[in-house]
Amino acid sequence: MTNKIIMACGVFIYFSFSCQAYEAKKISVEDLKSLEKLDNKIYDLSTKKERFSFSKVSAFIYKNLAYDVDFTLLKLDAVAKARTSQITTSSTTGTVSDADRFIGELVLTYPIFDAKESNDMRKKILDTKQTIISKTKDYFLFKAELQDLEIQKEILLDLEIRTKSRKLTAVGSYDDWLKTVNDIRKINMDITKGEIELSESKQILLNFVNIHSITQLEKML
């Protein structure tokens, strides 16, 4: 019994901070209004479905990568060419001088791929695309799970009103009410974990793109 009292105190403190209007021993007018809409609200929340632009986001990321997939195959050659030209200068003394001109050039070239190199290149591009798709999928799964947790919490908060009213009218038990608020506590912890996972996943996707595309990608996420 002592443990139940301690837990009840903790629940009361939680509701005091999260919702200032909460009355542990009273059913308010707002509570009654919520109870009238409870069935329809639970149904609407439970059947709600979210759709995400998964392929659109992954394509945007690949198009705006912060690095070039084939950059490692790019060759930069420094070429020094010596070109001699004879310059003849006439004067009253009949002096003739020669000068050598030296020209330096930087040449940026792609190598000619053999079959193996071409295959490796295609594999590298494919691996990059698959990584982006996988990380994008992870992000939207985390987002969907977090949204589902928020829906579960909203339903539980409404059910808490019902179990509280049943408890106060002796129709239901204290244990039923305590179980509901304990479920709310667990959901809050799951939501916190979900927010951390979603934030980490989002940062991974933002790190893929160049600095000019970050803002646009954030809007898409």
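I'm working from a predicted model here.

**Helix 4**

I started with helix 4, which covers residues 54-63. Which of its residues are buried? I get Val57, Ser58, Phe60 and Ile61. They sit on the same side of helix 4, because the arc they cover around the axis is only 160 degrees.

**Whole chain**

Next I stepped back to the overall layout. I count 7 helices and 2 strands, and in sequence order the pattern reads α-α-α-α-β-β-α-α-α. The chain has 221 residues, 24% of them buried. Its accessible surface is about 16,000 Å², and carbon and sulfur atoms hold 56% of that. I also looked at contacts with a separation of 6 or more: 78% of them join residues 24 or more positions apart.

**Arg162**

On to helix 5, residues 115-168, where I find arginine 162. Leaving out residues up to four places away in sequence, arginine 162 touches Leu35 and Leu38. I also took the C-alpha to C-alpha distance from arginine 162 to threonine 180: 9.9 Å, for residues 18 apart in sequence.

**Lys167**

Lysine 167 is in helix 5 as well. I wanted to know which side chain of opposite charge is nearest to lysine 167. My answer is glutamate 160, 7.2 Å away. What does lysine 167 contact, apart from neighbours within four places in sequence? I noted Ala24, Gly172, Ser173, Tyr174 and Trp177.

**Ala170**

Last stop was the loop between helix 5 and helix 6 (174-208), where alanine 170 lies. I looked up its phi and found a positive value, near 65 degrees, in a residue other than glycine. I made a note of this because most residues other than glycine have a negative phi. Alanine 170 has a relative accessibility of 66%. That is over the 50% cut-off, so alanine 170 goes down as exposed.

Key: Residues numbered from 1 in each chain as written. Predicted model: local features only at pLDDT ≥ 70, side-chain atom pairs only at ≥ 80, totals over all residues. Heavy atoms only, no water. Buried < 20%, exposed > 50% of the residue type's maximum accessible area, 1.4 Å probe, protein only. Helix = DSSP H or I, 4+ residues; strand = E, 2+ residues; numbered from the N terminus. Arc of directions from axis to C-beta. Contact = heavy atoms within 4.5 Å. Areas by Shrake-Rupley, 256 points an atom, 1.4 Å probe, with all protein chains shown as cover. Lys, Arg positive; Asp, Glu negative; His and termini not counted. Salt bridge = Lys/Arg side-chain N within 4 Å of Asp/Glu carboxyl O.
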